[in-house]
Amino acid sequence: METSITCYTRGTFLSNVSSQRSTVLPSLPSISRSFNLRSLKSSSLFGESLRTVSKSSLKVSKTKSSSSLITRCEIGDSLEEFLTKATPDKGLIRLMVCMGEALRTIAFKVRTASCGGTACVNSFGDEQLAVDLLANNLLFEALNYSHFCKYACSEEVPELQDMGGPVEGGFSVAFDPLDGSSIVDTNFTVGTIFGVWPGDKLTGVTGRDQVAAAMGIYGPRTTYILALKDIPGTHEFLLLDEGKWQHVKDTTQIGEGKIFSPGNLRATSDNPAYDKERNTHCGTLEEWCRMSTRSL
């Protein structure tokens with residue numbers, strides 16, 4: 001872990017981490033409807049190489065499908081190499097790279113940040129944890145510095161936030177900063193989920209309208225799994241010790257699995273087909289609960 005910290009601090013991604021024991025976080029302000037992006041500090045996430053890029057130097061390229069681009073993507077590519085081969089849209093490339101920088105910082109913070117509550121709740125009634133707010137801030141900052149995000153919203157801040165990007169050639173992003181944050185202190189895997197839509201709309205759109213979707217998974221390994229419109233499959237990147245993302249896996253189809261992990265058990269009360277499927281694999285709800293309790 002100490003090696004990883006050293007690599008990160010050289011890039012100024014974790015400028016406030018001075019040693020392996022630096023696990024105390026500064027107090028985090030509650031995020032509310034009055035959330036202001038200007039309160040975020042640029043030095044908390046991006047190094048000089050990203051901060052000095054001006055908007056005028058970034059040219060927008062319209063996305064177009066090309067099978068020749070797909071064939072050049074290879075296992076072992078860096079995130080930047082893969083995206084450059086997969087899409088000609090420089091705005092989308094920059095946005096996905098900036099989100100990758102946020103994910104690798106969150107991966108470290110999840111290991112060290114406070115799991116305590118902030119005495120606040122979000123718009124959905126969930127208690128906000130310090131680590132939730134930290135991840136939320138990092139992702140908003142990443143989108144702001146991409147210069148290609150027009151609007152963004154999150155589970156913690158569901159109101160649209162203007163990121164300052166263009167409408168034409170820009171994107172809008174919705175994200176859950178840390179799904180499963182309530183179980184961070186049990187050391188279970190948690191993750192970040194986000195979707196990217198073209199233009200300035202996040203309402204009246206569907207999943208099929210997305211140009212990209214991705215998730216960051218923080219577990220024994222940290223991975224960044226993304227999908228791009230018109231590019232088959234999902235593509236997995238592993239966070240290496242030196243802080244770089246490396247392309248390690250492509251998934252183009254889902255085969256028959258050996259593990260059935262039912263989620264959204266509330267749906268069993270009004271979806272008979274789902275309840276039947278769960279019963280087939282796990283038995284009745286009472287049996288499943290007893291089995292789950294024994295496993296804990």
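Visitor: How many disulfides does the count come to?

Guide: This is a predicted model, in which local features need pLDDT of at least 70, side-chain atom pairs count only at pLDDT 80 or more, and totals for chains, interfaces and linings use all residues. Residues are numbered from 1 along each chain as its sequence is written, and side-chain values use heavy atoms, with hydrogens and water left out. A disulfide is taken as a pair of cysteine sulfur atoms within 2.5 Å, and the sulfur of C149 lies 9.5 Å from the closest cysteine sulfur, in C153, too far for a bond. By this rule the number of disulfides is zero.

Visitor: Is C149 buried or exposed?

Guide: Buried stands for under 20% relative accessible area, exposed for over 50%, and partly exposed for the range in between, with a 1.4 Å probe and protein chains only. The relative accessible area of C149 is 0%, so C149 is buried.

Visitor: What is the strand order of the open sheet of eight strands?

Guide: Strands (E, at least two residues) and helices (H or I, at least four) are DSSP runs numbered from the N terminus. Two strands pair if DSSP finds at least two bridges between them. The sheet has mixed pairing, and its order is 4-3-5-6-7-8-9-10.

Visitor: What angle does helix 6 make with strand 5?

Guide: Helix 6 (residues 130-146) packs on the sheet and touches strand 3 (149-154), strand 4, strand 5 (171-179) and strand 6 (190-198). Contact means heavy atoms within 4.5 Å. Axes are lines fitted to C-alpha atoms, for helices over the stretch in contact, and angles run from 0 to 180 degrees between N-to-C directions. The direction of helix 6 and that of strand 5 make about 160 degrees.

Visitor: How many of the 17 residues of helix 6 are buried?

Guide: The end C-alpha atoms of helix 6 are 25 Å apart, which agrees with the 24 Å its 17 residues should span at 1.5 Å a residue; the expected span is 1.5 Å times one less than the number of residues. Helix 6 is followed by H147, with a positive phi near 65 degrees. The helix is mostly covered, and its buried residues number 16.

Visitor: Which residue of strand 9 stands opposite I225?

Guide: Strand 8 (residues 222-228) and strand 9 (residues 234-239) pair in the antiparallel sense over four bridges. In strand 9, the residue opposite I225 is E236.

Visitor: Which residues have the most contacts inside the largest nonpolar core?

Guide: A nonpolar core is a set of buried Ala, Val, Leu, Ile, Met, Phe, Trp, Tyr and Cys residues joined through side-chain atoms within 4.5 Å. The largest has 51 residues, and those with the most contacts inside it are M96, V196 and Y224. Helix 5 gives the most to this core, with twelve residues. M96 has its place in helix 5 (residues 90-112). Leaving aside residues up to four places away in sequence, M96 touches, among others, V196 and Y224.

Visitor: Is N187 buried or exposed?

Guide: N187 lies in the loop between strand 5 and strand 6, and its phi is near 70 degrees, a positive value in a residue other than glycine. At 72% relative accessibility, N187 counts as exposed.
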